[in-house]
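Good morning, and thank you for joining. Please take a moment with the sequence and the model before I discuss a sheet and the salt bridges beside it.

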Amino acid sequence: MNEELMLQIHSLLVKVGPKDRKFGVKARLNGALNVTVNLVKRNLQNSKLLLPCLQVLRVYAGNLVNAVSLGKSGTLELMFEIIGPYSKKNTTLLKVALDTLAALLKSKMNARRAVDRGYLPTLLAIYQDWHRNDTRHCHLIIRKSILGCIKNLTTIKLGRKAFIDANGMRILYNTSTECLSVRTLDPLVNTSSLIMRKCFPKNRLPLLTIKSIYQHPLSHVPSGGPVAQLYSQPPEMDDVVDESDENEATEVDTENEEDETEDNNENDDIETDINKLRPRQMQTRPFDELRVYERFCVEFTKDFKDYDFENCRAVFHPSSVNQDLNGPIIIPTTTLTSVRSPNRRQQLESVQLPKPTESPTELDGISLAKTPESKPDPDLVCSLGRLVLDGVDSVNGDCDDRSQDESGEQGLLVVPDTAAVLPLHDPDLYLEMVKSTRSVPIYTEVAYPDYFGHVGLDLREPIVERVYGVQRMKIFQDIERLIHPFDILDKVVYDLDNQSCPVIDNGNSLKFTSKFESGNLRKAIQVRKFEYDLILNSDINSNHYHQWFYFEVSNMRPGVRYRFNIINCEKSNSQFNYGMQVLMYSVQEAINGRPHWVRTGSDICYYKNHFSRSSIAAGGQKGKSYFTMTFTVTFQHKDDVCYFAYHYPYTFSTLKMHLQKLRALQTAQIYYREDELCQTLGGNSCPLLTITAMPESSSDDHIDQFRSRPVVFLSARVHPGETNSSWVMKGSLEFLMSSSPKAQSLRESYIFKIVPMLNPDGVINGNHRCSLSGEDLNRQWQNPNAELHPTIYHAKSLLQYLRATGRTPLVFCDYHGHSRKKNVFMYGCSIKETVWQSNANTSSCDLQEDLGYRTLPKLLSQIAPAFSLSSCSFVVERSKEATARVVVWREIGVQRSYTMESTLCGCDQGKYKGLQIGTQELEEMGALFCVGLLRLKRFTSPLEVHNHKSHVLDIENDLIDTRSIPNISSSTTYVLDEDEPAFLEEVDYSAESNDENDPVLEPELQDNLALPGPNSDSGV
Ligand SMILES: [Zn+2]
């Protein structure tokens, strides 16, 4: 055939090819590949003919099987004959050759072949040459294409090694830094950064084991699950990395990529078994077993004859009503009622406080400093060092840091008078509470913020706009560690694993501690003068769940930018990428009249890092990395003590203090009782509250009204890291105990049973997710074990008792926090909505279902500014079948059974749109939840419903109008270890560094990746 004809045929094929998806396959089956290859071989100097042939080759190579075949017939080598150093000639041809090469290199076999032939250094040299000569940036596309080839080569391990050996890191780092100032070169910088991240040698997390530093012996180990796995692990086993992770064996070309099926498993977590969706009718436990729970419901049988209603005098104190009954519930299935901590807490009598370095000042009109004259406490020793509980040997050692006590007199810690502005706070009472809190590490220190208290800010704290290129900048700084290794200090400055870790006191390093209630920081490493890598501790009896942090920093220099990197985060994305900031509490600020946790930090971002995660820690998946959460802070004061936390801390001791203060608010109208639901594994008492209104008198009518009030059951903080749920609960409790007419009316309407903290041990010990058994308690509701999950076991039993006595709660709500979504919202349970969502057997849709489960969320969306109805979902997921919400709905038969999720970040709708959430908003939400319950009464009480019939219909019509809502949230996919479904706002930041699957992006798209607009996470 003559070449002119071939030229025409190929010109035609170039036009037709891209229009036919099967073009490449057809060409291969017809033996056309080699025709073109041979044509190219013969016409390397004939650019006129070469161009259309290469263009066709590029189309062929887009098919992976073709790419393998083309590689075997020498096409790679051919391409390298065309690609050469900088030249202004034939750039079109060069571009097509590069694209063809990039397509060929997607085949791992070809990539290996190219590495073996030494093409990687060649490509790097070509790239450098273009970088040097293309000074006016006319050939961006070519430079980008060269990088594309390098990127595909480094998909294989061999390629990454060749890249490192060829000094690729330094070459791309240097070229990129030279490009940084020119915005149009961003695509080059981004691709370079992506390649460097891929090639960055995987590091071992600097730990001996990822198992929690603290252990809690279990009376028995569960037979299966993660805890059993952990216990069966041989002690000498290296769980930080496993060698097999970097296994080349997986790097083979898949031959059947052509008919990739759209695997749409989006909805595969939705429960489709209609029988599982129907409430379970049978009584599962004999009533005799439940009878013991009567002690928590004495108000149902109380006749109040001994109460002096005339004088409103509490002849009897409800709060002490069943003192005689207080004692452990004996569970028939076990001999042990609780497992006490093996280490007896030492006697903690008084408090020693180190010396303050500044005298108190009175600012802003609030005198927060107690003057020394007014309150000299001989037990207080001061320094803004440590707040230490006495009775521990090391106390004196802890105070000598700066030997500021040369004056000979004991200074006084100035306690901000937060009690004046915080009705439920009292530092002295807090310390009292701390003494009876049992922790696994046996904490001896108290964190100042918990002691002083936190006053909610009136200031608005906007959701932070992400700075352009911040992630890139941080990644470059990480890469510099490799480029300039001698700049790296690598100095361990805090290490829980090594208690003898020297305290470096040369003034050049920050000091850290986390040895206080709810504290979490395992290790701190100074990497550069003002930069620290931080490692979080795993939940007790577990080897992961790193998210919650709470630690103290001191010895800082003011006015300097410190960078902190938490390097062992696990989730693939975080609200830290969408405007959320960390929380900081400054003791100097507190003493100066501003005792606030404030949102702080700049240059915040969250990205995949170069620390490898062992398959043990990654749930069996190999080759996973950890994520870094980085933030930068400038401290204002010298000699300050600052605290950082993931979210507003709320300790178990804080809860106990708040409960005591709430008890004091009790009036003659309020019935308030506090029982011990049970003891926890760690030997703490889990409180159960009963709140309602006292009957008006002991007349039969009034007692009848009292006893016929429906029960509302509330709980919170099953997940320790979700401290926001405790603040919401605080808001609810304060409202319930308040003297407002609404509160009284609410108390007259319902009997509240409240477990304000379902997981005290987890909270105390700084866990993020689990209890001391190493398990997620909100996955134990189906079959709670009395020994391992006592709080869940007894809460569920109490609910079963209520049901058995005909007092099935009207509403059940478990308060949670959500780390990925904005606003406050609810998850409920609906058979119909689940069936709709699953798109399965629509015929079963004619089952009848009361829409009542939608009323409360609807009401809340009308009254609570943070609440968003469109984020609510009423779908029952398989993965959630053992959660409180689903079990209480199915087994106890509570139609209005909810999880209420509060954002950790902020709101994107309503009055608080664009603002980060604070404790005031969270507490307000808790109070408004109560108001919602009061309004709900109109729709649930038979009498009231009769009177408001038309209004009820209105609301129901509204509800029907909002039926499209579940479709909005239809991306309810099951996300491992995610509390609730992941949502639309998720933008995968990790994609940039995703080894397995780099989507080839247009430059524009990649720009977008680098800079997500502020609205990219708005949840549509
Ligand atoms: Zn949760």
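Which residue stands opposite Tyr607 in β12? That residue is Thr628. This is a predicted model, in which local features need pLDDT of at least 70, side-chain atom pairs count only at pLDDT 80 or more, and totals for chains, interfaces and linings use all residues. Residues are numbered from 1 along each chain as its sequence is written, and side-chain values use heavy atoms, leaving out hydrogens and water.

Strands (E, at least two residues) and helices (H or I, at least four) are DSSP runs numbered from the N terminus; two strands pair if DSSP finds at least two bridges between them. β11 and β12 (residues 624-634) run antiparallel, joined by seven bridges. They belong to an open, mixed sheet of six strands, ordered β3-β5-β6-β8-β12-β11. Its edge strands are β3 (491-495) and β11 (602-613).

I turn now to the salt bridges, each a side-chain nitrogen of Lys or Arg within 4 Å of a carboxyl oxygen of Asp or Glu. Arg472 and Asp186 form one at 3.0 Å, N to O. Arg472 lies in helix α21 and Asp186 in helix α13 (residues 186-199), so this pair ties together parts 286 residues apart in sequence. Asp186 also meets Arg183, at 3.8 Å. Buried means under 20% relative accessible area, exposed over 50%, and partly exposed in between, with a 1.4 Å probe and protein chains only. Asp186 is buried at 2%, whereas Arg183 is exposed at 53%.

Finally, Asp478 forms a salt bridge with Arg563 at 3.3 Å, linking helix α21 to strand β8. Both residues are buried.
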